[in-house]
Amino acid sequence: MSHLENIKHSVWEDAFALINATLFVGFGVVLYKDVGLLSGGTVGVAFLLHYLTHWNFSVIFFVINLPFYWMAWQKMGHEFTIKTFCAVAMLSLWTAYIPDWVDISQVNPLFATVVGGLMIGGGFLMLIRHKSSLGGVGIVAIYLQQTRGWRAGKLQMGFDVVIVALAFIAASPDKVAYSILGAVVMNLVLAINHRQGRYLGM
């Protein structure tokens with residue numbers, strides 16, 4: 001058995017990480033929703049559609065990820081795709097039920113921005129390290145990192161800037177400014193802590 005096989009994550013470790021990661025992201029998303037912010041990636045697209053249409057965020061997020069599973073299966077393999085599907089499904093559930101479990105009557109927008117961004121970024125980091133994602137843009141970013149060597153954190157930040165910039169059609173300038181700050185915080189977590197070759201667990 002090779003050294004890499006010795007450090008490969010077990011099924012139990014992957015399952016625990018996916019639950020942990022999606023709870024982190026889910027709580028960050030709830031903080032963002034409570035103060036009317038947006039995020040990047042597919043979560044950001046779901047936020048945008050939710051604010052524009054008032055449709056259920058959890059349902060939107062789950063549905064808009066469906067087209068990306070084909071690409072994930074073809075380019076990233078069945079293991080990555082199954083983990084990603086499970087992560088998306090769990091995040092959809094957490095964002096639907098966390099508001100029933102935790103009553104946040106008041107939260108400072110700056111606090112929600114920074115802490116929410118840290119939690120979402122930390123959740124994304126756990127997912128990447130366990131060969132998973134939250135679909136959409138994350139699939140593209142991870143694929144380009146693995147095939148081209150481009151850093152996922154920087155790619156995600158570029159995508160997120162574009163997505164958050166679209167927030168001007170659904171949110172006030174101050175909410176957009178907070179959203180941009182949140183995207184920077186979230187992606188700094190990835191850029192600082194995730195670099196190809198630094199982490200060997202799979």
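Predicted model: local features only at pLDDT ≥ 70, side-chain atom pairs only at ≥ 80, totals over all residues.
Contact here means heavy atoms within 4.5 Å.

**Asn65 and its surroundings**

Leaving aside its neighbours within four places in sequence, Asn65 is in contact with Thr42, Val88, Leu134, Gly135 and Gly136. The residue belongs to the loop that runs between α4 (57-64) and α5 (68-75). Is Asn65 buried or exposed? Its relative accessible area is 0%, and because buried means under 20%, Asn65 counts as buried.

| Side chain | Backbone atom | Distance |
|---|---|---|
| Asn65 | oxygen of Phe61 | 2.9 Å |
| Asn65 | nitrogen of Gly136 | 3.1 Å |

**Helices α2 and α3**

Now to the helix pair. Two packed helices are described by the angle between their axes and the distance between the axes. For α2 (residues 11-35) and α3 (residues 41-53), the angle is about 30° and the axes lie 12 Å apart. Angles under 35 degrees count as roughly parallel, so α2 and α3 are roughly parallel to each other. Their crossing is right-handed.

Which residues make the contact? On the α2 side they are Val29, Tyr32 and Lys33, and α3 brings Val43, Phe47, His50 and Tyr51. Sorted by class, the contact of α2 with α3 holds five nonpolar residues, one polar and one charged.

Conventions:
Residues numbered from 1 in each chain as written. Heavy atoms only, no water. Helix = DSSP H or I, 4+ residues; strand = E, 2+ residues; numbered from the N terminus. Buried < 20%, exposed > 50% of the residue type's maximum accessible area, 1.4 Å probe, protein only. Polar contact = N/O pair within 3.5 Å; in protein donor to acceptor, adjacent residues only side chain to side chain. Axes fitted to C-alpha atoms, helices over the stretch in contact; angles between N-to-C directions. Parallel < 35°, antiparallel > 145°, perpendicular 65-115°, else oblique. Left-handed = near helix turned anticlockwise from the far one by under 90°. Nonpolar A, V, L, I, M, F, W, Y, C, P; charged D, E, K, R; others polar.
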